[in-house]
Structure formats: C-alpha cells, structure tokens
Amino acid sequence: MSTLPTTTVPESATQRAAASPDELGGSAVANPPLFPTAELLAELQEQSQRLETAQPIEILQWAVERFGDYFTMATAFGPEGMVLIHWLAKIAPKTSIFNLDTGYQFPETLELRDKIQRKYGIEVELKKPELTVVEFEQKHGGPLYKSDPNLCCFERKIKVLRQAARGKHAWSSAIRRDQSNDRAQAAIVEWDKKFHLVKISPLANWTKKQVWGLIMKESIPYNPLHDQGYTSIGCWPCTRAVLAGEDERAGRWSGFAKTECGLHSRD
Ligand code: SF4
C-alpha cells in the first residue's frame, strides 16, 4: 500500500480551539494528522463527484491508493460488508478491517469472522467495549438495550469505533442510499465529523438486488440468518426477522423509534 501526501493544517483557529486533537480523535491523532481543511474538503467533493458513476471496486481501489495504511473498514458482517471484504481480498488484503464486538452479536454473525479467515486469509479484528456484558449490565442495573438503546449503542458501538479509528485517516462503510432516508444523503466520499475521518461509501449507489446477485454469483459467505427472514442483522436483543412486505430494516430496534445505531446518522 502506498502512503499518502497529506494536508495537515486545521481549517480555522475556532476549530482548533473547540477541541484538542486528542478529543477529536480519528485522523487528528494520526501521524501525520489529517484535518478537514478547505483544500481537503474540496478534494473530497471533487472525488466524490468523479466516483459517483464508478463501480464500487474502483471506489475501494481509489480509497486504498489515496489513504494506504491509514484506511480502515468497519463491518458488522452484513451482506454489503461481505461484498466489500470480498473485493478488498482481491485488491488490498492487508487492509485493516474491524468489527464492533458489542458482546450481543449472534453466534452466526461471529462465525462469519472464521469463514472470512478461512476463505480469504483476512483476520477481522474484534473491537470490544471496556466493560463485558455482565459488568455493563451490572453497572446499569440490567440490560440497557431495554431501557435506553441509544445509550447502549453509544457505549458499545460509537465509543468503540472512536477508539478503533484513532490514528486512521479514512474509513469505509457498507451503507446503501436506498436503505433509509438518512442513508440516502450519503456521499461516495465525504468528511465524517462524528469520527473525524474521511468516510467512503462504495456501495452507496448499489441496490440490495445487486449485492445479493454478486453474493450468489461469486459464492461470497453470508450470515445464514438471512435465510430465516432476518434481512438486517445487528445485536440479537435488537434484531428480529421481518414479515412479508416489511421494510428491510424493520426488524432493527422493533418497538422503538430508533432506526440507526448512530454510526451512520448525520446528527
Ligand atoms: S444494537 Fe441493541 S444491544 Fe447492540 S449496542 Fe445497540 S442497543 Fe445495545
């Protein structure tokens, strides 16, 4: 992988004063650091527009060439993530890939990590929260996913991703624009202020049909729960199979207004 030329001057004194690099995390604590200067933002916008009509594998190729060892990918082992891993195995198998191991994942989900290792020789790193599930539930007087799933996701996903992203410049998500109104706004390449990283979404323009078409055509491993009506899979307490005619993400946080864990929401 190549290393990259980088722009390192913070955009404004106001921004510098607002938070220290340590508080910003992500690329602010990388060596060299990367900040969202006007120059960088213009580059991201230009590349995003250029890559709008590119194939997802070309977008990934651009990301690994532009960001080299500073590029990482987070995966929940969903079908879209499996497709990206399949391509990364071809073009950049040494890319750092990690999973947010909340402690509440289905065994079938975690088994995919072993399948990926066997098929591609890629070791997906499990990033865990500070507290075990037992310690976490003791601290909160029971399962937090029942009373405050937003806080639960914050503690067991967002904070863990922030930690995992420290020292990186860019991360890849596997979101598709047609998954939700929020995701519909995703650019192919953009600045992600929540994690202080460049965010790349190679599959933004793909459909569920295209993803599954490739999985079947190229025998890409997938979570067997998908064959049991689980269209979108997260932690087991917050995931159910969907009924005929329901939205593909209807089985996530069913009974709550919540639709996203917060990793991809634009707030
Ligand atoms: S998906 Fe559910 S169990 Fe997993 S972190 Fe979020 S609230 Fe907690």
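Here are some numbered notes on a predicted model, to read with the structure open.

1. **The sheet.** Start with the strands. Six of them make up an open sheet, and if you walk across it the order is β3-β2-β1-β4-β6-β5, with mixed pairing. At the edges sit β3 (125-127) and β5 (189-192), each of which pairs on one side only. Neighbouring strands in this sheet are turned against each other by 35° on average, direction ignored.

2. β5 is joined by four bridges to β6 (residues 197-200), and the two strands run antiparallel.

3. **Around the ligand.** Which helix gives the largest share of the shell around the ligand? That is α9 again (residues 149-165), with five residues. In total, 13 residues surround the ligand, and the closest are P149, C152, C153, C235 and C238. Sorted by class, the shell has nine nonpolar, two polar and two charged residues.

4. **α5 against α10.** Next, look at helix α5 (residues 79-91) and helix α10 (residues 208-217). Their axes come within 10 Å and cross at roughly 55°. On the α5 side the contact is made by P79, E80, M82 and V83, and on the α10 side by V211, W212, L214 and I215. By class, that contact has seven nonpolar residues, no polar ones and one charged one.

5. **α5 against α4.** How do the axes of α4 and α5 cross, and at roughly what angle? Helix α4 (residues 56-67) and α5 have axes that come within 10 Å and cross at roughly 55°. α4 and α5 are therefore oblique to each other. Check the hand of this one on screen: α4 passes α5 in a right-handed crossing. From α4, the residues I57, L60, Q61 and V64 meet L84, W87, L88 and I91 of α5. Counted by class, the contact of α4 with α5 has seven nonpolar residues, one polar and no charged.

6. **A cis peptide bond.** Go to the loop between α2 (21-24) and α3 (38-51), where you will find P32. The peptide bond joining N31 and P32 is cis, with omega at about 5°.

7. **A positive phi.** What is the phi of F77? The value is near 65°, which is positive in a residue other than glycine. To find F77, look in the loop between β1 and α5.

8. **What to take away.** If you remember a few things, let them be these. The six strands form an open sheet with mixed pairing.

Technical notes: Residues are numbered from 1 along each chain as its sequence is written. This is a predicted model: local features need pLDDT of at least 70, side-chain atom pairs count only at pLDDT 80 or more; totals for chains, interfaces and linings use all residues. A residue is near a molecule or strand if its C-beta atom, placed from the backbone, lies within 6 Å of it. Ala, Val, Leu, Ile, Met, Phe, Trp, Tyr, Cys and Pro count as nonpolar, Asp, Glu, Lys and Arg as charged, and the others, Gly among them, as polar. Two strands pair if DSSP finds at least two bridges between them. Axes are lines fitted to C-alpha atoms, for helices over the stretch in contact, and angles run from 0 to 180 degrees between N-to-C directions. Two residues are in contact if their C-beta atoms, placed from the backbone, lie within 7 Å. Angles under 35 degrees count as roughly parallel, over 145 as roughly antiparallel, 65 to 115 as roughly perpendicular and the rest as oblique. A crossing is left-handed if the near helix is turned anticlockwise from the far one by less than a right angle, and right-handed if clockwise.
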